[in-house]
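Please examine the sequence and the structure shown below. The paragraphs that follow consider an open space in the protein and then the nonpolar cores.

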Amino acid sequence: MCKHVLNAQVSIRAPCCKKWFDCPQCHADNAQHELKKANEMIFMCKKCRKAFRKDMTDTYEEADEYCPHCDNHYVIEAKMPTAALGVEGEDAR
């Protein structure tokens, strides 16, 4: 579970170490090396759990924002964790 992007829809296979991460920041937190850039990225959809490849050198089109297996829209606005103050429980008065 990614602590940086709360609604991550895919995992990314790092081309440098061949390990799966939810976001580039997760790789930076856990690996002792920098994330290697690649022309082809491997993703795993968190909805259907199937892996797929994307060529990152071609023009990225709207159709590339969906899992080819289940049509899960994985390119969405990231929800980042934020600090919040709140009161737990109800006032017993």
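A pocket is an open set of grid points with protein on both sides within 12 Å along at least five of seven lines. Rolling a probe the size of a water molecule over the atoms shows where empty space is left. The model discussed here is a predicted one.

In this model, the largest pocket has a volume of about 440 Å³. Its lining consists of 26 residues, and those closest to the centre are Ile 12, Asp 22, Cys 23, Pro 24 and Phe 43. Three elements, β1 (10–13), α1 (24–30) and β3 (40–45), each contribute at least two residues to this lining. The largest share, three residues, is supplied by β1.

The discussion now turns to the cores. The largest nonpolar core contains eight residues, namely Val 10, Ile 12, Met 41, Phe 43, Cys 45, Phe 52, Cys 67 and Tyr 74. Two or more residues of this core come from each of β1 and β3, and β3 gives the largest share, three residues.

Which residues does Phe 43 contact, leaving aside its neighbours within four places in sequence? With those neighbours left aside, Phe 43 is in contact with Val 10, Ser 11, Ile 12, Trp 20, Lys 50, Ala 51, Phe 52 and Lys 54. There is also a second, separate core of seven residues, among them Cys 2, Ala 14, Phe 21 and Cys 23.

Methods:
Residues numbered from 1 in each chain as written. Predicted model: local features only at pLDDT ≥ 70, side-chain atom pairs only at ≥ 80, totals over all residues. Heavy atoms only, no water. 1 Å grid on protein atoms, 1.4 Å probe; cavity = no way out; pocket = protein on both sides within 12 Å on 5 of 7 lines; lining within 4 Å. Points joined across faces, edges and corners; volume = space filled by probe spheres on them. Helix = DSSP H or I, 4+ residues; strand = E, 2+ residues; numbered from the N terminus. Core = buried A, V, L, I, M, F, W, Y, C linked by side-chain atoms within 4.5 Å. Buried < 20%, exposed > 50% of the residue type's maximum accessible area, 1.4 Å probe, protein only. Contact = heavy atoms within 4.5 Å.
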